[in-house]
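Me: I am new to this structure and would like to know how its descriptions are reached. Please set each value against its definition.

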Amino acid sequence: MNVRLLVLGLVPVALAACEPPRATLSPSFGNAVRHNIAIQTINPNPNETMISPDMDGERAAEVMDRYKQGLIKPAPTFAAPTTTAGGGTAAK
């Protein structure tokens, strides 16, 4: 008897977990995910007119050497803006 009640109680929960019909979803549902996947996928057949990057291994090694020697300027640091409390008057 208890098993029967347990099964009857779990049936509505199982049915509630079913996927909603596709008709209720927007036609553009999932476009953002598909877009993000597309822009992160490398094109195996790139366009022949594409400009190759101007960074090669030798330049990268030179940059790393300058960085290790401390010859690269550090990024500028900005002070956090200071705020002061307003001078409003209290309601009377």
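Reply: Helices (H or I, at least four residues) and strands (E, at least two) are DSSP runs, numbered from the N terminus. Val 7 lies in helix α1, residues 2–16. The model is predicted, so local features need pLDDT of at least 70 and side-chain atom pairs 80 or more, while totals for chains, interfaces and linings use all residues. Residues are numbered from 1 along each chain as its sequence is written, and side-chain values use heavy atoms, without hydrogens and water.

Me: Why is Val 7 called partly exposed?

Reply: Buried means under 20% relative accessible area, exposed over 50%, and partly exposed in between (1.4 Å probe, protein chains only). Val 7 has 45%, so Val 7 is partly exposed.

Me: What makes α1 hardly covered?

Reply: Among the 15 residues of α1, the count of buried ones is zero. In the chain of 92 residues, buried residues make up 0%.

Me: How do you know that the span of helix α3 agrees with what its residues should give?

Reply: The expected span is 1.5 Å times one less than the number of residues. Helix α3 (residues 57–69) has 13 residues and should span 18 Å; its end C-alpha atoms are 18 Å apart, so the two agree. For α1, with 15 residues, the reach from first C-alpha to last is 22 Å, close to the expected 21 Å.

Me: What comes just after α3?

Reply: Gly 70 follows, with a positive phi of about 80 degrees.

Me: How many helices and strands are in the chain?

Reply: There are three helices and zero strands, and the elements run α-α-α from the N terminus.
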